[in-house]
Amino acid sequence: AQATGSSEFAFSIQRSFVAMAPSVVNALVLAASAASPAASFSGLRGSQGETLQTVTMHMHKADCGKSRALSKFALSAKANSKMPGAGMDPNIKPFEKVLKDGFYEVACVKDMLFTYGDKHHDNKAEYNLGDIANVSIVHYDSLVVKEDREPMTHEVCFDFCRTIPDMSFFGLQNGRMCYCAPYFKAMESDSSQCDAVCDGNPSTMCGGNTKSSIFGMHECANTAADLGEAQAKMKEASGELSALEAKVGGAAKRMQETADLYQAMMGAAGDPVAADLFQTAKVYAGELEKAAAEAKKETTAMDELKATGSGLQGKDFSKSEDARSAEAAIEDMEKATTAAVASSEGLEELAQASAPTLDGAEGASKQYYPAMYFVDKEFKEVPSTCGGTAAEKPLIGTMDTCARACDNDIHECVGFSFFPMKAGRSRQVQGQGGRGGRIHTMFLQLAEASQQAAGEGVCFLFSKMMSTTYYTKCETPTTGAPVDVSKVQCLVKFAEFEGVTLKPDPSGKCDICLKDATKADRCLV
């Protein structure tokens with residue numbers, strides 16, 4: 001709706017809510033900068049002087065389409081009434097049908113329509129809109145007999161005006177006067193406020209001596225269409241959340257299973273630093289699993305709401321009971337949709353952190369060299385692990401993905417330790433003998449549990465390298481092993497360490513040098 005004139009107040013509603021009646025919800029209003037609403041707004045500045053504002057809207061949606069019961073006095077008055085409605089209709093019939101389902105405070109102004117737009121009430125002598133707009137305001141006192149009048153409140157005035165056709169606003173003045181209007185227009189006035197308490201509710205204000213508290217009214221919506229829209233939005237949000245739940249849950253499962261097996265394997269290989277890395281992976285996998293489980297609860301709840309909505313299809317929403325059921329379902333669906341969107345944002349971050357898809361990952365690992373290249377080039381090709389200060393959480397990806405993730409963490413990451421996973425079975429494991437049977441079984445379990453893409457593994461990114469352990473007795477390839485142990489590597493950015501050595505410095509004067517480099521004359525398995 002829009003007023004006209006130099007002081008016009010223009011606004012529109014972005015509707016994304018449904019509520020039970022009566023209830024209070026938030027409406028978004030685009031208010032022109034020239035407007036001076038009485039309500040307490042909080043807003044964000046937009047383009048062309050517009051601001052996005054939040055106001056309180058009181059919803060009574062379940063009453064839409066209902067007829068209103070009248071007393072014998074009102075029936076008599078209605079039969080004899082010659083008073084106008086919107087559009088100058090002399091046969092206006094209030095309380096016939098509910099046309100509006102909500103109201104919200106708009107402004108405190110001296111309203112031109114109250115003085116010059118009243119064709120049939122106290123100010124009819126001042127009426128001058130016949131040739132301009134051909135409209136008139138409608139007064140509560142004109143159409144409601146004295147015996148039926150209630151002490152005035154915002155709700156009482158709304159209850160009357162929402163049944164008057166073509167009215168978009170209602171105004172309250174001097175604590176008790178209520179009128180309905182198709183629009184309003186502010187006039188020049190004094191500095192007085194809307195500070196007259198409402199006769200029926202002293203905790204609220206109903207205009208002032210000369211100014212009106214103006215309220216906008218919200219059109220009744222199509223319940224069936226609203227239900228379908230709410231279901232469609234919830235379905236979309238549920239589908240996205242379900243996909244992310246599966247991705248994060250899958251990453252949690254793979255990381256947990258891999259951590260269980262590699263932690264035991266590295267412990268048995270005498271590499272406590274690498275074993276400790278997988279303890280951090282277990283903790284992170286638990287965080288991922290918890291987040292996925294919470295998302296699963298949400299999608300299950302949305303499935304139940306979907307069934308509720310399906311059960312309401314074809315109902316007669318002009319009936320109060322069916323309308324209330326639909327509105328309750330719509331409200332629940334919209335709450336669930338909002339929560340699902342927020343959860344999806346969080347899960348998307350977890351999914352990208354734990355199993356990222358990164359642009360430019362292909363070939364990224366070519367810029368990374370084994371840490372042993374900068375310690376002792378004789379052993380640059382042997383499997384190695386490393387420890388240090390973590391730059392990020394553990395992640396699942398190919399060696400190229402891990403390298404690209406390290407590249408993206410440009411101010412922190414200098415290298416990473418990579419542990420490959422590969423599906424498959426092994427009947428024979430080559431390497432150091434005594435522990436072969438137990439480690440062999442672990443590898444079988446790892447291979448059976450992992451269904452990741454070829455070349456994927458778990459990697460740990462470091463901002464500072466502290467130690468490395470390198471294994472000198474592994475055959476290449478390791479025949480029959482379910483993973484390629486030659487891909488167990490501690491890698492560092494060549495550009496970070498070109499021309500320097502990482503070999504431990506006994507004097508302790510080398511800040512970038514490793515604190516420890518352990519030579520293991522054995523294999524990982």
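Colleague: What does F419 touch, not counting residues up to four places away in sequence?

Modeller: F419 touches Y262, M266, A274, L277, F278, T385, G457, V458, F460 and V488. Contact means heavy atoms within 4.5 Å. This is a predicted model, where local features need pLDDT of at least 70, side-chain atom pairs count only at pLDDT 80 or more, and totals for chains, interfaces and linings use all residues. Residues are numbered from 1 along each chain as its sequence is written, and side-chain values use heavy atoms, with hydrogens and water left out.

Colleague: Which residues touch the most other members of the largest nonpolar core?

Modeller: M266, F278, F419, F460 and M465, out of 68 residues in that core. A nonpolar core is a set of buried Ala, Val, Leu, Ile, Met, Phe, Trp, Tyr and Cys residues joined through side-chain atoms within 4.5 Å. Buried means under 20% relative accessible area, exposed over 50%, partly exposed in between, with a 1.4 Å probe and protein chains only.

Colleague: Which element gives the largest share of this core?

Modeller: Helix 5, with 14 residues. Helix 5 (223-268), helix 6 (272-312), helix 7 (320-354), strand 17 and strand 18 each supply at least two. Helices (H or I, at least four residues) and strands (E, at least two) are DSSP runs, numbered from the N terminus.

Colleague: What does the second core include?

Modeller: That separate core has 23 residues, including I92, F160, I164 and C180.

Colleague: Switching topic. How many disulfides does a search of the whole structure find?

Modeller: Nine. A disulfide here is a pair of cysteine sulfur atoms within 2.5 Å.

Colleague: How far apart are the sulfur atoms of C386 and C490?

Modeller: 2.4 Å. C386 sits in strand 14 (residues 384-390) and C490 in strand 18 (residues 489-493), 104 residues apart.

Colleague: Why is the C386 and C490 disulfide right-handed?

Modeller: Because the torsion about its S-S bond is about 100 degrees. C386 counts as buried at 1% relative accessibility. C490 is buried too, at 1%.

Colleague: And C402 with C459, what is the handedness of that link?

Modeller: Left-handed, with -95 degrees about the S-S bond. C402 lies in helix 8 (residues 399-408) and C459 in strand 17 (residues 456-471), so the pair ties together parts 57 residues apart in sequence. Their sulfur atoms are 2.1 Å apart. C402 has a relative accessible area of 0%, and C459 has 0%.

Colleague: C406 and C413: buried or exposed?

Modeller: Both are buried. Their sulfur atoms are 1.9 Å apart. The link is left-handed, with -100 degrees about the S-S bond.
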